Amino acid sequence: MKRENLIIITGLFLFLFVASLVAVTMVTSNVAGWNNFSTTTKAYIWNTEPNMTQVVVIPTSIDLSPGNTTQVNCSATIWDYNGWSDVNISNATFYHISVNDNSPDDNNNHYTIQDIGNDCSCSGTGNIGTCNCTFDVWYYATNGTWICNMTVTDKGGEATERYYYLNSSNNASATVNTVVAIDVPAEIDYGNLSVTETSSDMPANVSNFGNTPVNISVRGYGGTTNPDNPGDLCMECAYGNISMGYEKYSLASGTDYSLMTTLTNTSTEMGLSLPVRTDDNGYGNDTNTTYWKLQIPLSVGGVCNGTLEFVGQENW
């Protein structure tokens, strides 16, 4: 009986041992398709920053209008994944290289678009667009190299602004050319005079209408059509003529006629130099006054006409 019990216990032990091995094998075995899984990740990027790919200044060689403003256009090519209409212009400056992009506005060297809604616009197709800003540049803007800097911002307002600084690249710069220009009155009217009479001082302002200092010269001739002035006249009259020596000028008011400078037919420097305008609110020493007198000789009458030719020469 004991032997049988021993056999049964031994057999049960062997059964349990084998069963345990089978159990372990079932747990560690690879079942095809169930031990390797992939999980998909995703996000929706609803807004992408703009990309300003190019900027040009039109024209690249700028001739300013004497005494007035000249329009200069800065044009930027933009690309935006969300479409060109997702972009707007947030800032545009045009400045001389002697100052910085963030310098205060000054008509001599720095301009900022103040009304972007009216002075700038964008258009395009698909992802590509063009943005333009127009600057009104004054005649006394410093000659030399200027830079246009434009900044566009994504309309979504979540992206960081993309700045494209226009400095040394060809597309970034433009040249403001030197302008030598002056302005003088259309007419000096000495009024009604009798023979042997000398007129009162007649003022004539001369203004620098360019962007470089100038020296002023003057000459005269009788009539309005023959600058060669063969008769050496300062005026041609309905009856008789007035010789050149009777018309004189001075840079000071109230100068005695005998001490004034006599007009000639040869262009002569007046001793008058005019700097470039620097006051955005009005004229300063870029405008100066000359004073003129005319003495009437005998044997003339009626309407008399002459011409004064002022010349501005760049003052180096």
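I began with the contacts of S207 in this predicted model, and, leaving aside residues up to four places away in sequence, I found that S207 touches A181, I182, D183, L274, D286 and T287. I then placed S207 in strand β12, which spans residues 202–208, and noted a relative accessible area of 7%, so S207 is buried, the cut-off being under 20%.

Next I searched the whole structure for disulfides and found 4; counting bonded cysteines along the chain, I wrote the pattern down as 1-6, 2-5, 3-4, 7-8.

I looked up C120 and C133, whose sulfur atoms lie 2.1 Å apart in a disulfide, and read a torsion of about 115° about the S-S bond, so this link is right-handed. The pair joins distant parts of the chain, with C120 in strand β6 (residues 120–125) and C133 in strand β7 (residues 128–138), 13 residues apart. I found both C120 and C133 buried.

For the disulfide of C122 and C131 I noted an S to S distance of 2.0 Å, and the torsion of about 105° makes it right-handed. C122 is partly exposed at 26% relative accessibility, whereas C131 is buried at 0%.

I turned to C237 and C304, joined with S to S 2.0 Å and right-handed, with 110° about the S-S bond. This pair also links distant parts of the chain, from C237 in strand β14 (residues 233–239) to C304 in strand β20 (residues 301–314), 67 residues apart. I recorded C237 as buried at 13% relative accessibility and C304 as partly exposed at 24%.

Last, I checked C234, which is in no disulfide, the nearest cysteine sulfur being that of C237, 8.0 Å away; C234 is buried, with a relative accessible area of 2%.

Terms used. Residues are numbered from 1 along each chain as its sequence is written. This is a predicted model: local features need pLDDT of at least 70, side-chain atom pairs count only at pLDDT 80 or more; totals for chains, interfaces and linings use all residues. Side-chain values use heavy atoms; hydrogens and water are left out. Helices (H or I, at least four residues) and strands (E, at least two) are DSSP runs, numbered from the N terminus. Buried means under 20% relative accessible area, exposed over 50%, partly exposed in between (1.4 Å probe, protein chains only). Contact means heavy atoms within 4.5 Å. A disulfide is a pair of cysteine sulfur atoms within 2.5 Å.
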